[in-house]
Amino acid sequence: MLRDDINAALKEAMKAHDASRVSTLRLVNAALKNADIEARGQGKPALGDADVVAVLQKMVKQRQESVELYEKGGRAELAAQERAEIEVIASYLPKQLSPEEAEAAVKAVIAEIGAHGMKDMGKVIAVLRERHGGQLDMGKASGLVKGLLT
């Protein structure tokens with residue numbers, strides 16, 4: 001389970017006295033714990049690996065936005081810190097599909113379900129999310145789907 005890998009890595013980082021990695025992994029654990037509490041409040045079970053991947057992707061996206069803001073504000077040291085956190089968090093995410101692989105996946109799904117227009121976009125996105133959820137940025141995928149269906 002992905003959560004166990006993160007906890008094991010936290011222990012290793014603590015033994016190695018890697019302060020930046022320890023703090024990042026503690027942030028990850030805190031985010032996962034918050035998501036667990038939220039899910040429990042809604043009567044859902046504890047997070048599975050797919051949910052953990054979604055939380056990690058959200059954390060990476062937040063940090064990427066922070067990097068942009070820090071660079072615009074001339075805060076290179078803070079941008080570098082955010083990039084280091086992105087690197088640690090991204091190491092637990094599945095390998096992302098390249099743009100060519102993403103386009104091929106979208107085309108395959110469109111052909112498979114026989115999508116013909118924008119009215120089928122939701123069906124295409126649902127199948128993509130099911131098959132390539134952690135490997136594909138759905139924002140970029142929806143742009144691809146729109147381009148191919150119009």
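# A tour from the pockets to the helices

The lining of the largest pocket is made up of 14 nonpolar, seven polar and nine charged residues (Ala, Val, Leu, Ile, Met, Phe, Trp, Tyr, Cys and Pro count as nonpolar, Asp, Glu, Lys and Arg as charged, and the others, Gly among them, as polar). The model on screen is predicted, with local features needing a pLDDT of at least 70 and side-chain atom pairs counting only at pLDDT 80 or more, while totals for chains, interfaces and linings use all residues. Residues are numbered from 1 along each chain as its sequence is written, and side-chain values use heavy atoms, with hydrogens and water left out.

**Start with the largest pocket.** Select Gln 57, Gln 96, Leu 136, Asp 137 and Met 138, which among its 30 lining residues lie nearest the centre of the largest pocket. Two or more lining residues come from each of α3 (49-72), α4 (76-90), α5 (99-113) and α7 (138-149), where helices (H or I, at least four residues) and strands (E, at least two) are DSSP runs, numbered from the N terminus. The space in the largest pocket comes to about 820 Å³. A pocket here is an open set of points on a 1 Å grid over the protein atoms alone where a 1.4 Å probe fits, with protein on both sides within 12 Å along at least five of seven lines, and lining residues have an atom within 4 Å of a point; grid points are joined across faces, edges and corners, and the volume is the space filled by probe spheres set on them.

**Move to the second largest pocket.** Which residues line the second largest pocket? Select Ala 35, Glu 38, Ala 39, Gln 42, Lys 44, Pro 45, Leu 47, Asp 51, Ala 54 and Val 55 to display its lining, to which α2 (19-41) and α3 each give two or more residues. By class, the lining of the second largest pocket holds six nonpolar, one polar and three charged residues, and its volume is about 240 Å³.

**Stop at two loop residues.** Ala 46 is in the loop between α2 and α3, and its relative accessible area of 59% makes Ala 46 exposed (buried means under 20% relative accessible area, exposed over 50%, and partly exposed in between, with a 1.4 Å probe and protein chains only). If you draw a distance from the C-alpha atom of Ala 46 to that of Leu 32, 14 residues away along the chain, the value is 9.7 Å. Now select His 17, in the loop between α1 (2-15) and α2, where you will find a positive phi of about 55 degrees although His 17 is not a glycine; His 17 is exposed too, with a relative accessible area of 72%.

**Follow α2 to its crossing with α4.** At what angle do α2 and α4 pack? The angle is about 65 degrees, with the axes 10 Å apart, the axes being lines fitted to C-alpha atoms, for helices over the stretch in contact, and angles running from 0 to 180 degrees between N-to-C directions. On the α2 side, select Arg 21, Thr 24, Leu 25, Leu 27 and Val 28, and on the α4 side Glu 85, Val 88 and Ile 89, which together make the contact (heavy atoms within 4.5 Å). This contact of α2 with α4 has five nonpolar, one polar and two charged residues.

**Centre on single residues.** Next select Arg 63 in helix α3, which counts as buried at 11% relative accessibility; with neighbours within four places in sequence set aside, the contacts of Arg 63 are Leu 27, Glu 82, Glu 85, Ile 86 and Ile 89. Then go to Leu 144 in helix α7, which is partly exposed at 24% relative accessibility.

**Zoom out.** With the whole protein chain in view, trace its seven helices and zero strands. The C-alpha trace spans about 55 × 45 × 25 Å along its principal axes, and 35% of the 150 residues are buried. Of the contacts in the chain with a separation of 6 or more, 55% join residues 24 or more positions apart.
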